Amino acid sequence: MEQTSNKLLTQANNEKWVMASTAAGFSLENMDIMFLSFALAPIIADLHLSGTAAGWIGSITNLGMLAGGAVFGLLGDRIGRVKTFSYTIFIFAFATAAMFFAHSLSAIYVLRFLAGIGAGGEYGVGMALIAENFAANRIGRLTSVAAIGGQIGAIFAALAAAVIIPHFGWNALFLLGIIPVVLTYFIRQHVSESAEFITAHAQAQAKHEKIAVSRLFATPRLAVQTLGLMVMAIVQIAGYFGLMNWLPPIAQKQQGLSVSGSSLWMIATIIGMSLGMVVFGTIMDQKGPRWAFGIFLLGSALVMFAILMAHTSLQLILAGALIGFFSNGMFGGYGAVISRLYPTEIRSTANSMIMNTGRAIGGFSSVVIGFLMDHATLLTTMGCLAALYLLSFAIMLSLPGIRHLQAN
């Protein structure tokens, strides 16, 4: 009886630290990404960059995430989630802090690529940790809770940028990137590998099973599933980055609105995203992923036109919250679905490759939306985004793996 009690206590303690470390990791990762968003304007002014050169800073970060996802996704499956998770945090923390010493565009490109490598490896390993430490009927909500951590990081980045950049310059802001190093100490001290991973890893070694990206495409059915999920991830990231970068300028330029309280707009949008994540995770656990993704993908397609109906600053803020609710409420759900569709021994690889392919390709959406804004009407631009969500909806319905996943 005492042994059982101690085992349950140890399991509960590990679950607590898994959630705390993954949520904190995602928060610090998003904080790093948002640092670049807030520092981009002063970087352009300081280094006299063209729009194209500045745009490549974000794109190179996303390419680094794809490379990091490939490398650390495999490492997470080969040497363990906990070690790999701490390695990824070390890399993006030091690469971010090193931006303090970057005074040329080439140095920024190199450091942002390295930061992307670390950040790209973190997602897949973190999602695998959650999936392997909690019951299947809780994964939807818990991956969403971890994703909410990213929104907290965005708020912290906004507050830090408002205080530091005007007084100390954009370089100083990135020094805060060293904070995540502290997190790695607690991860290595308090988080342990799950019994599920240890068993699956031992069995894979005994059978000499190859841990490789090629396993995601091992059969025609699996290849279709992987490619379909990649397209869904591309739409997810394209919608998020495109809308977050362009909604305020769209409102000001096309609707003639003034977003004097831009921080209020951002906070309202983040609150909308966080509420969306909670609702999405709850629906997924209670009704299954088809219901959750179906509601949110169709909702995203519809709310793309909410911006057209905003004629006051208050309406704009509400529209931003509504768009954030649907378009980014799904984010944590991808990790939950991928974790259930792929076997334990390649779960980290699957999460990393699928989501970081979405980041690498979907991250170019800001350029595409900018082109549409220059050559088409606002209605056409939002219609194209809505069409992307409908495409993702159709793909989701066609994937047999998602169709067979039921609520637990």
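## Before we start

Because the model is predicted, local features need pLDDT of at least 70 and side-chain atom pairs count only at pLDDT 80 or more, while totals for chains, interfaces and linings use all residues. Residues are numbered from 1 along each chain as its sequence is written, and side-chain values use heavy atoms, with hydrogens and water left out.

## Rings that pair up

Let's begin with the rings. Rings of Phe, Tyr and Trp (its six-membered ring) pair if their centres lie within 6.5 Å; planes under 30 degrees apart are stacked, over 60 edge-to-face and the rest tilted. By this rule there are twelve aromatic pairs. One of them joins Phe-90 and Phe-94, which are stacked at 5.9 Å centre to centre with 0° between the planes. Both sit in helix 3 (residues 81–97), and being four residues apart puts about one helical turn between Phe-90 and Phe-94. Helices here are DSSP runs of H or I with at least four residues, numbered from the N terminus. Phe-90 is partly exposed at 33%, and Phe-94 is partly exposed at 45%.

Phe-280 and Phe-296 make an edge-to-face pair, 5.3 Å centre to centre with 85° between the planes. Phe-280 lies in helix 10 (residues 262–287) and Phe-296 in helix 11 (residues 289–303), so this pair ties together parts that are 16 residues apart in sequence. Phe-280 is buried at 0% relative accessibility, and Phe-296 is buried at 1%. Ring pairs also link Phe-280 and Phe-296 with Phe-293, Phe-325, Phe-326 and Tyr-334 into a cluster.

## A covered helix

Two packed helices are described by the angle between their axes and the distance between the axes. Helix 4 (residues 105–133) and helix 14 (residues 347–362) pack at about 135°, with axes 8 Å apart. Axes are lines fitted to C-alpha atoms over the stretch in contact, and angles run from 0 to 180 degrees between N-to-C directions. That makes helix 4 oblique to helix 14: under 35 degrees is roughly parallel, over 145 roughly antiparallel, 65 to 115 roughly perpendicular and the rest oblique.

Which residues meet here? Contact means heavy atoms within 4.5 Å. On the helix 4 side they include Ala-119, Tyr-123 and Glu-132, and on the helix 14 side they include Arg-347, Met-355 and Arg-359.

## Loop residues to look up

His-48 has a positive phi of about 55° although it is not a glycine. His-48 is in the loop between helix 1 (2–47) and helix 2 (51–79), and is exposed at 71%. His-208 also has a positive phi of about 55° without being a glycine; its place is the loop between helix 8 (195–206) and helix 9 (220–254). His-208 is exposed, with 71% relative accessibility.

Asn-328 lies in the loop between helix 12 (313–327) and helix 13, and is buried at 4%. Not counting residues up to four places away in sequence, Asn-328 touches Gln-151, Gln-236, Tyr-240, Met-273, Met-277 and Ile-323.

Conventions. Helix = DSSP H or I, 4+ residues; strand = E, 2+ residues; numbered from the N terminus. Buried < 20%, exposed > 50% of the residue type's maximum accessible area, 1.4 Å probe, protein only.
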